[in-house]
Amino acid sequence: MFVRNVLITGANRGLGLEFVKQLVVLSEPPLNLFATCRTPGTGKAKELQELSVANPRVKVLQLDVTDESSIVRAVEHVKKAVGNDGLNLLINNAGITTKGVTYDSVQASSAMNVLATNTVGPLLTTKAFLPLLRMASSKDTSHGMSCGRAAIINISSTLGSIELEKGGGPFVYNMSKAALNMLTKSMSCDLRKDDIMVVALDPTWTVTDLGGPRAPLSAEKSVEGMLNVMTTLNETHTGQFIDYTGKNLPW
Ligand SMILES: NC(=O)c1ccc[n+]([C@@H]2O[C@H](COP(=O)([O-])OP(=O)(O)OC[C@H]3O[C@@H](n4cnc5c(N)ncnc54)[C@H](OP(=O)(O)O)[C@@H]3O)[C@@H](O)[C@H]2O)c1
């Protein structure tokens with residue numbers, strides 16, 4: 001899969017950082033890999049900054065998905081770097097969870113923060129990058145939809161599946177991912193006319209700070225699977241919810 005210009009949110013650790021690591025070593029890596037994070041100048045982004053020094057295709061940009069002005073600043077940087085080529089692939093990966101919150105202890109501020117990050121964040125990030133995604137899509141009219149042409153991948157979770165819900169989980173997080181799933185479906189319908197593919201991808205329970213150490217899958221295997229799936233996606237997949245093995249998931 002050759003994808004000219006890619007942007008990932010939350011790329012300083014976990015699955016986001018692993019996406020960057022695996023994308024740069026592809027036989028045909030992206031020309032520009034915009035690896036965004038909240039605090040690029042701190043120790044939290046040390047490994048990502050080292051990757052960027054070793055590989056100039058990796059461009060580290062500040063982007064907090066809950067701060068619209070930081071998203072707009074990142075768009076300006078990307079615009080300058082890509083010119084008329086636009087942005088081919090936006091991976092809305094940044095996310096947070098709630099641990100130990102109960103129906104008795106839940107606070108409005110922390111619930112709103114989860115929704116702001118996991119649901120409104122991808123919405124505002126997509127809004128800001130849409131002109132660049134449309135630009136990329138219009139440059140490649142000979143093919144159908146693909147990640148190489150113009151696509152939005154929303155990193156979701158089976159915890160956001162209403163059909164699979166069994167209870168007892170982090171319900172605020174689950175709400176945020178169910179809403180992200182609806183956003184994926186809505187955007188896929190509305191952006192079909194622009195030939196922009198929109199897919200919700202589930203990494204499965206994976207070892208990261210969010211997933212914890214007991215998760216059954218490594219970040220390497222999860223991202224390897226998601227990248228393999230992304231190479232196969234076309235217009236028949238837009239508006240679907242798919243896991244890291246390529247299996248369709250129920251909403
Ligand atoms: N791991 C799993 O088991 C699992 C399963 C299903 C779905 N997912 C989803 O996969 C995605 C990545 O999760 P992960 O496991 O890699 O989690 P993680 O290791 O905790 O990493 C989360 C990333 O999101 C960033 N982030 C948080 N809030 C942000 C904001 N407001 N703006 C920009 N970046 C922000 C974090 O940056 P800071 O370092 O600045 O906090 C970090 O880079 C999430 O959407 C998550 O819901 C994960």
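Which pocket is the space taken by the ligand? The ligand's space is the largest pocket. This is a predicted model, in which local features need pLDDT of at least 70, side-chain atom pairs count only at pLDDT 80 or more, and totals for chains, interfaces and linings use all residues. Residues are numbered from 1 along each chain as its sequence is written, and side-chain values use heavy atoms, with hydrogens and water left out.

**The ligand and its shell**

**Polar contacts** (pairs of N or O atoms within 3.5 Å)
- T206 places a backbone N or O atom 2.8 Å from a ligand oxygen.
- G95 also uses a backbone N or O atom, at 3.4 Å from an oxygen of the ligand.
- K44 uses a side-chain N or O atom, 3.4 Å from a ligand oxygen.
- The protein covers 97% of the 900 Å² of accessible area that the ligand has on its own (Shrake-Rupley method, 1.4 Å probe).

**The largest pocket**
- A pocket is an open set of points on a 1 Å grid over the protein atoms alone, where a 1.4 Å probe fits, with protein on both sides within 12 Å along at least five of seven lines.
- The volume of the largest pocket is about 900 Å³.
- Its lining has 42 residues, and G95, I96, Y173, T208 and L210 are the closest to its centre.
- By class, the lining has 13 nonpolar, 21 polar and eight charged residues.
- α1 gives the most to this lining, with three residues.

Methods:
A polar contact is a pair of N or O atoms within 3.5 Å; within protein, one must be able to donate a hydrogen and the other to accept it, and residues adjacent in sequence count only if both atoms are side-chain atoms. On a 1 Å grid over the protein atoms alone, a cavity is a set of points where a 1.4 Å probe fits but cannot get out, and a pocket is an open set with protein on both sides within 12 Å along at least five of seven lines; lining residues have an atom within 4 Å of a point. A molecule sits in a cavity or pocket if more than half of its atoms lie within 2 Å of its grid points. Grid points are joined across faces, edges and corners, and a volume is the space filled by probe spheres set on the points. Helices (H or I, at least four residues) and strands (E, at least two) are DSSP runs, numbered from the N terminus. Ala, Val, Leu, Ile, Met, Phe, Trp, Tyr, Cys and Pro count as nonpolar, Asp, Glu, Lys and Arg as charged, and the others, Gly among them, as polar.
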